[in-house]
Amino acid sequence: MTHSAAVEHHPLLPRIEQALDTIRPYLAADGGNVRVLDITTDMVLQLELLGACGTCPMSPMTLKAGVEESVKKAVPEIRAVEAINSTPMDEQPAGQTGRPVQPNPVPTPQF
């Protein structure tokens, strides 16, 4: 995986990459991936969401519940994880517009 020059020699990068490698198969299964862009002086890991992750409506939840949790568990020095290129929900492609339609209940068979 390629990194920015600023983060390439950061001492935490190998541990961060190892943590990301544990969740990459799950991201790849849905056509996505992540790339480390920076580790700020405030210990915030900045990622780029790649492939389907960049426009997925579930990416904010995946980022917090999956990526951030894995990284912070393996590298407790990291305070937070943020996506630099996350697409806001109202700009998501193929998203549902308007209000959701209430589904019709499926009748329960009588035995």
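This is a predicted model: local features need pLDDT of at least 70, side-chain atom pairs count only at pLDDT 80 or more; totals for chains, interfaces and linings use all residues.
Leaving aside neighbours within four places in sequence, Ile-78 is in contact with Leu-12, Ile-16, Ile-39, Met-43, Leu-45, Val-71 and Lys-72.

Now extend the selection to the largest nonpolar core. This core has 22 residues, and Ile-78 is among those with the most contacts inside it, along with Ile-16, Leu-20, Leu-45 and Leu-47. Two or more residues of this core come from each of H1, S1, strand S2 (44–51), H2 and strand S3 (80–83). H1 gives the most, with 6 residues. As background, nonpolar side chains in soluble globular proteins tend to be buried together.

Switch to a cartoon view for the overall layout. The protein has 2 helices and 3 strands, and from the N terminus on they run α-β-β-α-β. Of its 111 residues, 32% count as buried. Among contacts in the protein with a separation of 6 or more, 53% are between residues 24 or more positions apart.

Next, select Glu-68, in helix H2. Is Glu-68 buried or exposed? Its relative accessible area is 9%, and because the cut-off for buried is under 20%, Glu-68 counts as buried. Draw a distance from the side chain of Glu-68 to the backbone of Val-81: a polar atom of that side chain lies 2.8 Å from the backbone nitrogen of Val-81. With neighbours within four places in sequence left aside, the residues in contact with Glu-68 are Leu-63, Ala-80 and Val-81.

The last stop is the largest pocket. Its volume is about 230 Å³. To centre the view, select Tyr-26, Leu-27, Asp-30, Cys-53 and Thr-62, which lie nearest the centre of the pocket among its 16 lining residues. Then colour the lining by element: helix H1 (13–29), strand S1 (32–39) and helix H2 (59–74) each supply at least two residues. Which element supplies the largest share of the lining? That is H2, with 5 residues. Colouring by class instead gives 11 nonpolar, 4 polar and 1 charged residues in the lining.

Definitions and conventions: Residues are numbered from 1 along each chain as its sequence is written. Side-chain values use heavy atoms; hydrogens and water are left out. On a 1 Å grid over the protein atoms alone, a cavity is a set of points where a 1.4 Å probe fits but cannot get out, and a pocket is an open set with protein on both sides within 12 Å along at least five of seven lines; lining residues have an atom within 4 Å of a point. Grid points are joined across faces, edges and corners, and a volume is the space filled by probe spheres set on the points. Helices (H or I, at least four residues) and strands (E, at least two) are DSSP runs, numbered from the N terminus. Ala, Val, Leu, Ile, Met, Phe, Trp, Tyr, Cys and Pro count as nonpolar, Asp, Glu, Lys and Arg as charged, and the others, Gly among them, as polar. Buried means under 20% relative accessible area, exposed over 50%, partly exposed in between (1.4 Å probe, protein chains only). A polar contact is a pair of N or O atoms within 3.5 Å; within protein, one must be able to donate a hydrogen and the other to accept it, and residues adjacent in sequence count only if both atoms are side-chain atoms. Contact means heavy atoms within 4.5 Å. A nonpolar core is a set of buried Ala, Val, Leu, Ile, Met, Phe, Trp, Tyr and Cys residues joined through side-chain atoms within 4.5 Å.
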